[in-house]
Amino acid sequence: MLSSPTGRRILRDRPRITSQTMSMQHLRNLPENSVGRAYASWLDREGVSPDTRDRVRYIGDEECAYVMQRYRECHDFYHALTGLPVIVEGEVALKAFEFANTHLPMTGLSLFAVLRLKPAERSRFWNTYLPWALTNGLRSKEIINVYWEEQLRRDLNDLRIELGIEKPPDLRETRRALREQRKAAREKRERVGGVMGD
């Protein structure tokens, strides 16, 4: 953060992202594709709030503690920016992106959660979301240096372009389409089985 003028300003100002510092009602009333509206919509859809993140403890250096707190509080903006949902598969993909982008060790350690994924999810991670995360995380500007409070009215797509981030394939849509395919295949087997049994 020290190498970025905006990062230095964030460290100097030490803004916090909480329900006290950001009016959710105000964010919900911002223009449709604005950063603030996308953030509020994402929080509402996922059933979380700006206060979901625990306060950082066990870090003695005040500035390092603030950086970790800021990272935690900005994490949901990263979700809104990428569209990745709060399910294990989405979190692992976002952690891979964060690790490639921020190089924070704890985000790299979070990647061990890939072991919790089902085989199809793991395959999707290795073949789709990890390549997306590495490519976008390494080439984009450091997202820890975004002063989100100053970007709330900005068009989300414009911010993605400025940061150099392509939106990944819609994970919810991918999972929904696969469920529909499995359901159609099951119904077809049942119809065929019903005809064969007649």
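Good morning. Ser-3 is exposed, because its relative accessible area is 66%, and exposed here means over 50% relative accessible area, buried means under 20%, and partly exposed lies in between, with a 1.4 Å probe and protein chains only. Ser-3 sits in the segment before helix H1. Its C-alpha atom is separated by 33 Å from that of Val-88, a residue 85 residues apart from Ser-3 along the chain.

Before going further, a word on the basis of these values. The model is predicted, so local features need pLDDT of at least 70 and side-chain atom pairs count only at pLDDT 80 or more, while totals for chains, interfaces and linings use all residues. Residues are numbered from 1 along each chain as its sequence is written, and side-chain values use heavy atoms, with hydrogens and water left out.

Let me turn to the chain as a whole. It has nine helices and zero strands; helices (H or I, at least four residues) and strands (E, at least two) are DSSP runs, numbered from the N terminus. The C-alpha trace spans about 75 × 35 × 30 Å along its principal axes. Of the 198 residues, 42% are buried. Among contacts with a separation of 6 or more, 69% are between residues 24 or more positions apart, where contact means heavy atoms within 4.5 Å.

I now come to helix H4, which covers residues 62-82. It has 21 residues and reaches 30 Å from its first C-alpha to its last, close to the 30 Å expected at 1.5 Å a residue; the expected span is 1.5 Å times one less than the number of residues. Where does H4 bend? The bend is at Cys-74 and amounts to about 35°, taken as the angle between axes fitted to the seven residues ending there and the seven starting there. H4 is mostly covered, with 16 of its 21 residues buried.

The two ends of H4 also deserve attention. Just after H4, Gly-83 takes a positive phi of about 80°.

Next, the cysteines. A disulfide is a covalent bond between the sulfur atoms of two cysteines. How many disulfides does a search of the whole structure find? It finds zero, the criterion being a pair of cysteine sulfur atoms within 2.5 Å. The reason for Cys-64 is distance: the closest cysteine sulfur, in Cys-74, is 16 Å away, too far for a bond. The surroundings of the two can also be stated. Cys-64 counts as partly exposed because its relative accessibility is 43%, whereas Cys-74 counts as buried because its value is 0%.

The aromatic residues come next. A pair of aromatic rings is described by the distance of the centres and the angle of the planes. Rings of Phe, Tyr and Trp (its six-membered ring) pair if their centres lie within 6.5 Å; planes under 30 degrees apart count as stacked, over 60 as edge-to-face and the rest as tilted. The whole structure holds six aromatic pairs. One of them is tilted: Tyr-71 and Tyr-78, at 6.4 Å centre to centre and 45° between the planes. Both Tyr-71 and Tyr-78 are buried. Another pair, Phe-77 and Trp-148, is stacked, with 4.7 Å centre to centre and 15° between the planes. This pair links distant parts of the chain, since Phe-77 is in helix H4 and Trp-148 is in the loop between H7 and helix H8 (156-163), 71 residues apart. Phe-77 is buried, at 1% relative accessibility, and Trp-148 is buried too, at 0%. Together with Tyr-39, the residues Tyr-71, Phe-77, Tyr-78 and Trp-148 form one aromatic cluster.

Glu-121 lies in helix H7 (residues 119-139) and is buried, because its relative accessible area is 13%. Leaving aside neighbours within four places in sequence, Glu-121 is in contact with Glu-89 and Arg-175.

Finally, the backbone. Most residues other than glycine have a negative phi. Which value does phi take at Arg-14? It is near 50°, a positive value in a residue other than glycine. Arg-14 is placed in the loop between helix H1 (5-13) and helix H2 (24-28) and is partly exposed, at 26% relative accessibility. His-103 also has a positive phi, near 65°. It is found in the loop between helix H5 (88-102) and helix H6 (105-109), and His-103 is exposed, with a relative accessible area of 53%. Thank you for your attention.
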